[in-house]
Amino acid sequence: MNQPQVETPRPAIATLDDLSVRRLTAADAGMGLEIALAGDHPHLFDIPTSLDGLRQLIEQTRAQPWGLPMLCFRGERPAGWVITGLTNLRALNAFLLAVFVDPSESTMALALCIRHLFWNFPLHRLYTQFPLIPAAAGYRELYTRAGFHEEGVMQRHAVVSSQPTDVVVFGLLREEFLTWSAAHEPRLGF
Amino acid sequence: MSHALGSDLEAESPLKGHWVILEPLSAENAVEVAQLNRPREMTPQMGGAQERRDVPSSFGPPLVVRLAASSEAVGLMENGEMIGYPGVAVVVIFVDPARARAGAALEAYTMYIDYVFAWGARVVHLEVLSFNREVLSLLRKAKAAPQVRLRQHAFVAGHYWDLLVFGFTHAEWLLQVAPWRRLMPGGDRRPKAFGRNRKAGPE
């Protein structure tokens with residue numbers, strides 16, 4: 001009798017060339033804070049600017065459904081961190097917050113984290129948004145390079161330096177990520 | 001609060017329109033409001049069964065929509081401050097389409113948005129499901145264009161749907177609402193119809 005063919009799942013990927021990703025814990029808060037305070041991140045993202053605040057954010061994220069805070073390294077150097085929030089268990093979507101030392105060099109690091117999220121959880125969609133200040137340019141390019149679609153601009157939603165500021169929204173569907181990975185980095189497919 | 005409307009409602013006095021009365025949610029009307037949940041859950045435009053919400057109303061308490069003619073509670077209007085965006089009111093409006101004509105719903109909507117701005121909202125943020133033709137048509141007539149299309153962001157009636165995001169300041173709202181105010185009671189124009197093949201105003 002022929003045995004039915006059983007598909008073998010693709011394994012988790014925690015390293016890709018010189019990139020690696022591991023779980024971000026409260027013990028990493030110091031490293032995370034250094035990245036968070038770099039450049040104009042505090043204006044760009046609604047992130048804590050103290051050690052205690054970041055520890056709290058990490059713990060809160062881990063306690064949420066599908067909470068998987070991640071810390072990325074390039075070689076031995078920390079390259080950035082990624083968390084999700086506002087998880088919607090009915091629509092299977094989550095807000096993605098990615099903070100990188102150098103967004104222009106972080107496409108594959110971001111893709112590695114996204115892969116880990118889609119690989120682990122039945123997420124249908126990830127989305128992100130940030131105010132359109134000059135520091136946003138690098139992230140706008142980063143998300144576009146990583147396969148996200150720019151879905152529009154919410155006008156005057158944010159207040160940055162006391163000024164009403166537009167907020168750009170990006171979204172990525174699971175199937176779009178799989179198409180993107182097939183075209184750009186097949187090792188990330190699953 | 002910054003406006004007389006807000007002050008009125010702090011004293012729990014209802015807002016009176018021609019077709020509708022908006023009154024704060026309270027112990028006295030809680031049972032009627034609970035009964036609205038069933039039609040609300042069965043209305044795809046409202047996204048089906050409500051999920052738990054953690055953000056309380058920020059710009060004024062929720063208001064119950066009551067038809068002036070029959071005193072029947074037909075809807076609920078509420079808001080919450082958008083997480084991460086101070087001053088942005090995410091407005092959620094439900095008016096039972098089986099019991100309130102479009103004219104009454106429109107009047108309730110305009111009164112409620114006025115109210116949210118009166119309570120100090122900087123921007124009103126509306127999310128409309130992409131298949132909600134009635135509301136989208138109304139917004140189009142007011143020359144309000146969606147700012148964002150959140151692709152496949154909502155799971156409703158067994159499918160993923162896009163969610164269209166509208167946002168406007170008080171100044172923009174006044175421009176949007178001006179043509180509607182002319183059509184509503186007290187305005188200088190008679191409506192042809194609010195909604196398809198319907199006479200204006202509730203029965």
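# Chatting through a two-chain predicted model

Modeller: Chain B has five helices and eight strands. Keep in mind that this is a predicted model.

Biologist: Thanks! In what order do the elements of chain B run from the N terminus on?

Modeller: The order in chain B is α-β-β-α-β-β-β-α-β-α-β-β-α.

Biologist: And how many helices and strands are there in chain A?

Modeller: Chain A has six helices and eight strands. Starting at the N terminus, chain A reads β-β-α-α-α-β-β-β-α-β-α-β-β-α.

Biologist: What share of the residues is buried in chain A, and what share in chain B?

Modeller: In chain A, 36% of the 190 residues are buried. For chain B the figure is 38% of 203 residues.

Biologist: Now contacts with a separation of 6 or more: what part of them in chain A comes from residues 24 or more positions apart?

Modeller: In chain A, 61% of those contacts join residues 24 or more positions apart. The corresponding value for chain B is 64%.

Biologist: Let's switch to helix packing. At what angle do α3 and α5 of chain B cross?

Modeller: Helix α3(B), residues 102-118, and helix α5(B), residues 170-183, cross at roughly 160°, and their axes come within 11 Å. That angle makes α3(B) roughly antiparallel to α5(B), because it is over 145 degrees.

Biologist: Left-handed or right-handed, that crossing of α3(B) and α5(B)?

Modeller: The crossing of α3(B) and α5(B) is left-handed.

Biologist: Which residues meet there, α3(B) against α5(B)?

Modeller: From α3(B) you have Leu106(B), Thr110(B), Ile113(B) and Phe117(B), and they meet His170(B), Trp173(B), Val177(B) and Trp180(B) of α5(B). By type, the residues of this contact of α3(B) with α5(B) are six nonpolar, two polar and no charged.

Biologist: Over to chain A, then. How do the axes of α1(A) and α3(A) cross?

Modeller: Helix α1(A), residues 29-37, and helix α3(A), residues 51-63, come within 9 Å, axis to axis, and cross at roughly 110°. That makes α1(A) roughly perpendicular to α3(A). On the α1(A) side the contact is made by Ala29(A), Gly30(A), Gly32(A), Leu33(A) and Ala36(A), and on the α3(A) side by Leu51(A), Leu54(A), Arg55(A) and Ile58(A). The residues of that contact of α1(A) with α3(A) split into six nonpolar, two polar and one charged.

Biologist: Let me pick Ala36(A) from that list. Buried or exposed?

Modeller: Ala36(A) counts as buried because 22 other C-beta atoms lie within 10 Å, where the cut-off is 20 or more. Leaving out residues up to four places away in sequence, Ala36(A) touches His41(A), Ile47(A), Thr49(A), Leu54(A) and Val99(A). Ala36(A) and Val101(A) are 65 residues apart in sequence, while their C-alpha atoms are 8.4 Å apart in space.

Biologist: What about Leu139(B), where is that one?

Modeller: Leu139(B) sits in helix α4 of chain B, residues 133-141. With 19 other C-beta atoms within 10 Å, Leu139(B) is partly exposed. Not counting residues up to four places away in sequence, Leu139(B) touches Ala144(B) and Phe166(B).

Biologist: How many residues of chain A are in contact with chain B?

Modeller: 21 residues of chain A are in contact with 21 residues of chain B. On the chain A side, β6 (125-131), β7 (149-160) and β8 (163-173) each supply at least two residues. The side of chain A that touches chain B divides into nine nonpolar, seven polar and five charged residues.

Biologist: Last topic, backbone angles. Which phi does Ser161(A) have?

Modeller: Ser161(A) has a positive phi of about 50°, although it is not a glycine. Most residues other than glycine have a negative phi. Ser161(A) lies in the loop between β7 and β8 of chain A, and with 7 C-beta neighbours inside 10 Å it counts as exposed.

Biologist: And Gln152(B), buried or exposed?

Modeller: Gln152(B) is buried, with 21 other C-beta atoms within 10 Å. Its place is strand β7 of chain B, residues 148-156. Phi of Gln152(B) is also positive, near 50°.

Key: Residues are numbered from 1 along each chain as its sequence is written. Chains are lettered from A and ligands numbered from 1 in the order in which they are written. This is a predicted model: local features need pLDDT of at least 70, side-chain atom pairs count only at pLDDT 80 or more; totals for chains, interfaces and linings use all residues. Axes are lines fitted to C-alpha atoms, for helices over the stretch in contact, and angles run from 0 to 180 degrees between N-to-C directions. Helices (H or I, at least four residues) and strands (E, at least two) are DSSP runs, numbered from the N terminus. Angles under 35 degrees count as roughly parallel, over 145 as roughly antiparallel, 65 to 115 as roughly perpendicular and the rest as oblique. A crossing is left-handed if the near helix is turned anticlockwise from the far one by less than a right angle, and right-handed if clockwise. Two residues are in contact if their C-beta atoms, placed from the backbone, lie within 7 Å. Ala, Val, Leu, Ile, Met, Phe, Trp, Tyr, Cys and Pro count as nonpolar, Asp, Glu, Lys and Arg as charged, and the others, Gly among them, as polar. A residue is buried if 20 or more other C-beta atoms lie within 10 Å of its own, exposed if 12 or fewer, and partly exposed in between; C-beta atoms are placed from the backbone.
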